[in-house]
Structures are given as C-alpha cells and as structure tokens.
Amino acid sequence: MDKNGSRNKITLIGAGPAGSLLAIYLAKRGFHVEIYERRPDMRKTQISAGRSINLAISTRGIHALQEVGVLEAIMKIAVPMKGRMMHAVTGELTFQRYGKDDTEVIYAVLRSELSMALMNEAENHPDVRIHFNERCTGMDFKTGEVELHNEITEQARAIPTELVIGTDGSASAIRMDMLKAGRFNFSQQYLEHGYKELTILAGANGEYPIEKNALHIWPRKTYMLIALPNIDGSFACIFFFPFEGDPSFASLDNEEKVSNFFKTQFPDVVPLMPNLLENYFSNPTGAMVTITCAPWHIADRALLLGDAAHAIVPFFGQGVNCAFESCAYLAECIDKHGNDWPKVFTEFENLRKVNADAIAELALENFVEMRDHVADPKFLFKKKVEQALQQKYPAIFTPKYSMVTFHRLPYSVALSRGKIQDRILAELCGSIDRIEDLSWEKAEAMIKNELMPLSSLNK
Ligand SMILES: Cc1cc2nc3c(=O)[nH]c(=O)nc-3n(C[C@H](O)[C@H](O)[C@H](O)COP(=O)(O)OP(=O)(O)OC[C@H]3O[C@@H](n4cnc5c(N)ncnc54)[C@H](O)[C@@H]3O)c2cc1C
C-alpha cells in the first residue's frame with residue numbers, strides 16, 4: 001500500500017488475452033501488476049493444444065487494443081476478412097459480405113500469436129511481471145492469500161495479495177472459490193457439439209489455396225467446418241460436430257470412416273488437408289460451454305473478468321472482443337472512482353453483466369444461423385432485404401451482425417434491437433421472394449415506429 005493506504009499492487013491469475021491486455025491497462029494507470037500463469041511461457045515452449053485456433057477480432061477488441069497502443073503490433077499478425085464464403089457440397093461458392101463495404105471487416109489472428117504479442121507488450125512495462133508455471137489452486141478472500149502450485153517443482157505455496165483479478169478462463173480457480181464462499185449464482189451449459197482443430201496447408205510458395213480475405217464456412221445443417229486465414233497462407237480450421245449420435249465424433253472412430261465422411265461432405269477441402277487424419281486423431285476434441293455467474297466480485301478483494309466471468313460459445317466470434325471491451329470498461333471505472341474498489345467493481349459489474357448475458361444469448365443463436373440458415377435461400381433473401389433496408393435507412397436500421405461486430409453499443413441493445421428487426425424482416429419477407437415486391441411503405445412505417453436512430457445509443 002502507498003502512504004495514503006491505497007492499494008497499488010494488483011495480482012492477476014491467468015496471462016491469456018484478457019489477463020495480458022488488462023495488465024497493460026493497469027500498468028498505464030500506475031499499478032504494479034503480478035500475473036501468475038499456469039502454463040509455461042509459450043514464447044519459449046511449444047504448446048500444442050489451442051495453438052492453431054484462430055480468433056476473429058472486431059471493433060470492440062480493436063478499440064481496446066488501440067486505447068493501450070498495441071493495435072499496430074497486432075495488425076502485423078492479422079488477416080482481414082471481408083465476409084463469409086459458403087461452400088456447398090457441390091463445390092458452389094457463395095460470398096456474403098459482413099459489413100456495408102470494405103471499411104467493415106473483421107481480422108483473423110492466431111490465438112497463440114495474439115497472446116504472445118500481448119505478453120510482450122505487457123512485459124515492456126517495468127511494472128508488469130509474469131510468473132509462468134504457477135497454477136492458482138485457490139484463494140482465501142478473508143486474508144487475501146492466494147495458493148499456488150508450481151508445475152515444475154510441484155511445490156505449493158501461499159502468497160499474500162492486496163487485490164486479485166481472476167482472468168483465468170472458463171475453468172477459473174478464483175470463481176470456484178467464490179462458489180464455495182456462498183450466495184454465488186452459477187450456471188454452466190454445455191453444447192452437444194464439440195470441436196476439433198484441423199489445418200488447410202499453404203500452397204508451395206506460401207500462396208492461399210482458397211480466397212484469402214474471407215471466413216470460409218461449409219454449413220451442413222447439424223454440423224459445420226470453418227476456416228480462417230493465417231498470415232503464412234495456411235488456414236486454421238475448426239470442425240464443429242456432435243459428440244454423440246450418427247454422424248458424430250463417437251461414430252467416426254477410424255481412418256476409413258473419417259476419410260469417407262470428409263470426401264462426401266467436404267470434397268473441395270480434402271485435397272487441401274493432407275494432414276486430415278493425423279490432425280483428426282491427434283488433436284483433442286474440445287467442449288463448448290456457456291457460463292454465467294454473479295456476483296463477479298467479493299468485496300474489495302477479488303474480481304472476475306473475461307471467460308472467468310462469462311464464457312460463451314464461439315459462434316459470434318466475440319469471446320475475446322467482449323473480454324477486451326471489459327478491460328476498457330474496468331479502466332474507465334478505475335479512472336472514475338480511483339482506488340475505491342467496491343465502487344469500481346460494483347459499477348463495472350452493473351455495466352457489463354447484462355451485456356455478457358446478451359452476447360451469450362446472441363452467440364448461441366448464431367450457431368444455428370452459421371451451420372444451418374446460411375445455406376437456406378429464404379435466409380439469403382432476408383439478408384438481401386436487410387442490406388436494402390440498411391442502405392435506405394442507414395441511421396436507423398443496422399443488421400444485428402453489424403451492431404455486434406462493427407459498433408460498440410451495448411450487446412444488450414444489439415440483442416433487443418435485433419429481435420425487433422428480425423420481426424420486421426419476417427413480416428416484410430413473409431410472402432415475397434423478390435426484392436422488387438418489397439412494400440417500402442410498410443417497411444418505412446415499421447422501422448420509424450419501432451426503432452430509434454442508432455447514434456443515440458452508440459458508445
Ligand atoms: C473454438 C473457439 C473459437 C473461438 N473463436 C473466437 C473468435 O473468433 N473471436 C473471439 O473473440 N473469441 C473466440 N473464442 C473465445 C476466446 O477464445 C475466449 O473468449 C478468450 O480466450 C477468453 O480469454 P481469457 O483471457 O478470458 O481466457 P483464456 O483465453 O482461457 O485464458 C485464461 C488463461 O489463464 C490461465 N489459467 C487457467 N487456469 C489457471 C489457474 N488455475 N492458474 C493460473 N493460470 C490459469 C490459462 O492457462 C490461460 O492462459 C473462441 C473460443 C473457442 C473455444
């Protein structure tokens with residue numbers, strides 16, 4: 001503590017994307033930050049699991065990266081994606097733009113590269129130290145003691161802390177102890193689908209074997225494959241597939257079955273994935289979970305942030321973006337209330353909880369859209385009408401995807417406006433399948449009656 005009794009030292013548990021970015025925000029505000037990370041330093045060691053997952057970074061994440069001055073470093077390892085490229089079984093391609101034009105794009109970046117770049121930036125601050133191979137096994141919220149287990153020496157020890165922020169992801173150890181402390185709401189809901197990382201290799205001279213600036217989707221109703229570009233010409237793919245049933249991870253249990261399945265369902269991908277069978281059988285099958293909990297803090301001792309507070313399924317590409325946005329909000333609360341931690345934590349939670357719940361709901365909804373609806377002609381027609389409405393009423397009508405991805409208005413507003421817009425679209429498109437037959441009079445009346453201009457809500 002300093003001479004005024006204010007706490008200057010903050011302990012973070014977890015040096016994932018949220019922990020490393022938060023450390024930069026805090027160091028810039030004069031705090032001394034100690035981070036304890038369970039894994040070895042990935043800049044020095046090969047860590048296989050999760051290495052090839054590629055994250056889509058959009059406006060909310062970009063805003064936070066820019067605020068702390070690390071955007072330029074991240075953009076060097078990112079590839080812009082202008083829209084979705086859908087691959088039918090027949091090989092037919094359909095491109096659907098994400099934004100209104102090329103100014104609205106999302107960026108693919110390898111999670112491992114992002115984490116390493118943020119760790120480098122964090123450690124550039126003399127006030128940030130990252131301790132690797134230190135697994136947190138619990139916290140005493142009365143004394144502030146944090147228990148650590150060193151993964152190399154196998155030694156356990158307890159360290160004193162003043163204030164702890166759990167940025168330790170969806171299986172947070174800090175959250176586990178909050179749960180034990182009582183009067184803590186918690187829910188976790190697993191999807192029946194799991195995911196597997198696969199890879200499309202770069203061409204012989206580093207060229208991209210499929211369109212570079214797109215997020216590729218092979219939608220197949222109850223399952224899908226997606227591919228995001230890497231800077232070296234390869235693509236990080238994720239295969240989302242049910243755990244059980246037929247077909248499922250359980251049923252595709254030998255090389256012949258996997259090979260035949262991919263040849264039938266994803267014929268254009270197979271020649272681009274020479275390592276398919278090796279990847280399929282050696283990479284782990286990941287589970288996807290939605291976690292909600294409350295409260296996110298205990299007095300002035302501990303706070304949860306990022307996936308530790310709100311893990312969501314990955315289908316809106318917002319987990320990291322939401323966590324980065326939370327870092328920005330927490331910094332604003334600190335700027336407003338200084339070291340009055342109960343006020344900082346309470347305001348932060350009031351601002352973010354409702355929005356974390358909203359993006360959790362939007363992410364679940366988007367799974368069905370990505371794997372099923374994107375190939376449906378009725379859905380594609382609605383998208384056309386949506387675009388036409390956006391062009392005619394740019395100040396009022398903004399597609400749900402854009403509100404989430406290219407704006408910083410609260411996720412809860414995107415969710416509620418999205419529901420109104422879905423109803424308007426359903427009503428306008430119900431009995432027509434040509435844009436020429438759209439009733440503009442009816443559209444105008446509905447839009448102007450039911451929606452306020454977006455500028456009044458944007459942050
Ligand atoms: C398949 C998939 C695709 C995704 N795609 C996207 C996307 O396109 N866009 C997007 O924005 N988000 C995406 N996400 C979500 C994103 O990965 C997470 O939201 C994000 O990683 C959360 O960051 P975090 O720092 O809060 O947690 P994590 O990334 O989980 O980091 C937590 C850190 O804490 C460490 N840790 C854990 N437990 C302990 C402990 N007990 N002690 C010490 N350290 C500990 C971990 O080793 C890790 O380094 C995706 C997720 C998945 C699974």
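Predicted model: local features only at pLDDT ≥ 70, side-chain atom pairs only at ≥ 80, totals over all residues.
Residues are numbered from 1 along each chain as its sequence is written, and side-chain values use heavy atoms, with hydrogens and water left out.

**Exercise 1. The ligand**

Task: Find which residues are closest to the ligand, and describe the shell around the ligand by residue class.

Solution. The ligand is surrounded by 31 residues, of which the closest are Glu37, Ala56, Cys136, Asp307 and Val320.

Next, sort the shell by class, where Ala, Val, Leu, Ile, Met, Phe, Trp, Tyr, Cys and Pro count as nonpolar, Asp, Glu, Lys and Arg as charged, and the others, Gly among them, as polar. The division is 14 nonpolar, nine polar and eight charged residues.

Then look for polar contacts, which are pairs of N or O atoms within 3.5 Å; within protein, one must be able to donate a hydrogen and the other to accept it, and residues adjacent in sequence count only if both atoms are side-chain atoms. A ligand nitrogen atom is 2.9 Å from a polar backbone atom of cysteine 136, whereas a ligand oxygen atom is 2.8 Å from a side-chain N or O atom of aspartate 307. For asparagine 321, an N or O atom of the side chain is 3.2 Å from an oxygen atom of the ligand.

Finally, consider the area (Shrake-Rupley method with a 1.4 Å probe; for residues, only the protein chains shown count as cover). The ligand taken alone exposes 1,000 Å², and the protein buries 89% of that. Two or more residues of the shell come from each of α1 (17–28), β3 (54–57), β9 (134–139) and α8 (319–337), where helices (H or I, at least four residues) and strands (E, at least two) are DSSP runs numbered from the N terminus.

**Exercise 2. The nonpolar cores**

Task: Determine which residues touch the most other members of the largest nonpolar core, and which helix gives the most to this core.

Solution. A nonpolar core is a set of buried Ala, Val, Leu, Ile, Met, Phe, Trp, Tyr and Cys residues joined through side-chain atoms within 4.5 Å; buried means under 20% relative accessible area, exposed over 50%, and partly exposed in between (1.4 Å probe, protein chains only). Among the 112 residues of the largest core, Leu21 and Ile165 touch the most other members. The greatest contribution to this core is that of helix α9 (residues 341–371), with twelve residues.

Apart from neighbours within four places in sequence, leucine 21 is in contact (heavy atoms within 4.5 Å) with Ala64, Leu65, Val68, Val70, Leu118, Phe324 and Cys327. A second, separate core has 22 residues, including Ile210, Ala227, Cys237 and Phe249.

**Exercise 3. The backbone in loops**

Task: Locate the cis peptide bond between aspartate 246 and proline 247 and that between alanine 294 and proline 295, then examine the positive phi of glutamate 154 and of arginine 183.

Solution. For the bond from aspartate 246 to proline 247, omega is near 5 degrees, and proline 247 belongs to the loop between β16 (235–242) and α6 (255–265). For the bond joining alanine 294 and proline 295, omega is about -5 degrees, and proline 295 sits in the loop between β17 (286–294) and β18 (297–298).

Glutamate 154, although not a glycine, has a positive phi of about 65 degrees, and its loop runs between β10 (146–150) and β11 (156–159). Because its relative accessibility is 54%, glutamate 154 counts as exposed. Arginine 183, also not a glycine, has a positive phi of about 45 degrees and counts as exposed because its relative accessibility is 84%.

Methods. Near = heavy atom within 4 Å.
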